[in-house]
Amino acid sequence: MKKTALLLPAALLMLANACSTKTTVEEQPANNIYQFSVESNTQQQVSLKAYEGKVLLVVNTASRCGFTPQYEGLEKLYTDFKDKGFEVLDFPCNQFGEQAPESDSAYAAFCQLKYNVNFPQFHKIDVNGENELPLYKWLKSQNVTDSTANTDMKWNFTKFLINQKGEVVKRYESGVTIEEITPDVAQLLSK
């Protein structure tokens, strides 16, 4: 009986210590984009912390989509503002009508040849469903507007504007042109 009485307080102490341990960064909800790592189109892990302090436009894209010509505007936007702290992050997605069926390397070659794309392109991803990239789950969870918070992506070329603190400031649906987005990018870069 004496032995059991000694074990009970020790077990309670161990339980209390286990409950008070701190949660790791991975278990805590992300509060900015810099907490994510993604795979490049050359299968390298890329920490988005590399883009800290920059204005970002994160876009899910496709090569055979009616919005694919937006690549021309994306490249112009990138060229106009890259020296001022701006990046476009391109995530090909084959989830909508299978409009990005190419391998990562073939996709990059298409974008380079047709649109002279020079901004970073990443591995093909899912933006909805059980295989969605955690980054996109986080992007969609940000309460940018009541109408888009926690809603699935509707199509390719949905764009998320990220400020220098790594926070989502605006979500643009596919039909919003790059020309319409340019003033918002310029305003963030002037801060």
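In the predicted model, Val58 lies opposite Phe160 of strand S5. The two strands concerned are S3, which spans residues 55-61, and S5, which spans residues 159-162. Their pairing is antiparallel and extends over four bridges.

Strands S3 and S5 belong to an open sheet of four strands, arranged in the order S4-S3-S5-S6. Pairing within this sheet is mixed. Its edges are formed by strand S4 (86-92) and strand S6 (168-172), each of which pairs on one side only. From one strand to the next, the twist averages 15°. Helix H2, comprising residues 70-81, packs on the sheet and touches S3, S4 and S5. The direction of helix H2 makes about 150° with that of strand S4.

Across the whole chain, the secondary structure amounts to five helices and six strands.

Of the 191 residues in the chain, 42% are buried. When contacts between residues at least 6 apart in sequence are considered, 67% join residues at least 24 apart.

How values were computed. Residues numbered from 1 in each chain as written. Predicted model: local features only at pLDDT ≥ 70, side-chain atom pairs only at ≥ 80, totals over all residues. Heavy atoms only, no water. Pairing = 2+ DSSP bridges. Axes fitted to C-alpha atoms, helices over the stretch in contact; angles between N-to-C directions. Contact = heavy atoms within 4.5 Å. Buried < 20%, exposed > 50% of the residue type's maximum accessible area, 1.4 Å probe, protein only.
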